[in-house]
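Colleague: Could you walk me through this model, feature by feature? Give me the general idea each time, then the case at hand.

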Amino acid sequence: MKGQADTIGIAMRRALLGEIEGTCITRVKFEKVPHEYSTIMGIQELVHEIIMNLKEIVLRSNLYGTSDASIYVKGPGYVTAQDIILPPYVEIVDNTQHIASLTEPIDFCIGLQIERNHGYLIKRPHNFQDGSYPIDAVFICVLTAIFGLTFNRGLSLISFGMFIEDSLTSKLL
């Protein structure tokens with residue numbers, strides 16, 4: 001019986017980790033930026049650091065396919081996730097996530113592409129075009145899936161739990 005319970009538990013874990021959909025930023029477009037490792041006058045972070053900060057933003061939506069979003073901020077000041085202008089069917093889980101620090105009075109304008117999918121999406125370097133940079137996306141909203149087996153009087157029982165990105169901290173369901 002233990003072998004059958006293991007088979008069911010492993011199959012359920014793989015299904016959750018690979019098939020539940022998530023939403024994230026998959027492309028960012030900067031104006032007049034020659035490459036990903038450039039600096040922008042008046043911004044403390046490199047372009048690459050801004051892209052990594054955008055990759056960490058957790059989104060929730062009922063979006064299917066891709067959608068556009070943007071950021072328009074005047075400096076000096078901090079740019080956070082709450083500054084992202086989103087379509088009405090997309091929301092940010094943590095609005096305080098840091099994106100960039102503007103040190104001078106500049107206009108910080110970038111375009112974003114948001115997508116809902118499952119699994120991973122790895123972008124190739126040859127996809128760069130006109131200041132647009134792809135972001136490797138992790139659509140998996142299930143952080144960890146665990147299962148346990150209990151044997152009682154010849155019966156095998158499976159208990160199942162998972163940690164998901166649902167709020168500022170993960171919850172056990």
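**Reading the model**

Modeller: Start with helix α2, residues 47–55, where V47, I50, I51 and L54 are buried. Buried means under 20% relative accessible area, exposed means over 50%, and partly exposed lies in between, with a 1.4 Å probe and protein chains only. Helices (H or I, at least four residues) and strands (E, at least two) are DSSP runs, numbered from the N terminus.

Colleague: Where do the buried residues of α2 fall, seen down its axis?

Modeller: The buried residues of α2 fall within an arc of 100 degrees, so they line one face of the helix. The arc is taken from the directions from the helix axis to the C-beta atoms.

Colleague: Which strands do those buried residues pack against?

Modeller: Contact means heavy atoms within 4.5 Å. The buried residues of α2 pack against β1 (22–30), β3 (65–74), β7 (98–102), β8 (107–117) and β10 (132–134).

Colleague: What kind of model is this, and what are the ground rules?

Modeller: This is a predicted model: local features need pLDDT of at least 70, side-chain atom pairs count only at pLDDT 80 or more, and totals for chains, interfaces and linings use all residues. Residues are numbered from 1 along each chain as its sequence is written, and side-chain values use heavy atoms, with hydrogens and water left out.

Colleague: How do I read the confidence, and where is pLDDT under 50?

Modeller: pLDDT is the predictor's confidence in each residue, from 0 to 100. The protein averages 81, and 83% of the residues score at least 70. Over residues 167–173, pLDDT stays under 50. The model has 16 contacts for that stretch beyond four places in sequence. Where pLDDT is low, the predicted coordinates should not be read in detail.

Colleague: How many helices and strands are there?

Modeller: The protein has 2 helices and 14 strands. Of its 173 residues, 39% are buried. Take the contacts between residues at least 6 apart in sequence: 64% of them join residues at least 24 apart.

Colleague: Now aromatic rings. How many pairs does the structure hold?

Modeller: A pair of aromatic rings is described by the distance of the centres and the angle of the planes. Rings of Phe, Tyr and Trp (its six-membered ring) pair if their centres lie within 6.5 Å; planes under 30 degrees apart count as stacked, over 60 as edge-to-face and the rest as tilted. The structure holds 1 aromatic pair. F30 and Y133 form this tilted pair, 6.3 Å centre to centre, with 55 degrees between the planes. F30 lies in strand β1 and Y133 in strand β10, so the pair ties together parts that are 103 residues apart in sequence. Both F30 and Y133 are buried.

Colleague: Which ring does the charged end of R116 sit over?

Modeller: A charge sits over a ring if NZ of Lys or CZ of Arg is within 6 Å of the ring centre and within 35 degrees of the ring normal. The charged end of R116 sits over the ring of Y64, 5.3 Å from its centre.

Colleague: Take T26. Is T26 buried or exposed?

Modeller: T26 lies in strand β1. At 0% relative accessibility, T26 counts as buried. The C-alpha atoms of T26 and I114 are separated by 5.7 Å, though the two are 88 residues apart along the chain. Beyond four places in sequence, T26 has contacts including Y133, P134 and F139.

Colleague: And N95, where is its place?

Modeller: N95 sits in the loop between β6 (90–92) and β7. At 36% relative accessibility, N95 counts as partly exposed. Leaving aside neighbours within four places in sequence, N95 is in contact with T80, A81 and Q82. N95 and A81 are 4.8 Å apart, C-alpha to C-alpha, and 14 residues apart in sequence.

Colleague: What about the backbone? Which peptide bond is cis?

Modeller: The bond from G75 to P76 is cis, with omega near 0 degrees. P76 belongs to the loop between β3 and β4 (77–80). Look at K32 too: its phi is near 55 degrees, a positive value in a residue other than glycine. K32 lies in the loop between β1 and α2. At 83% relative accessibility, K32 counts as exposed.
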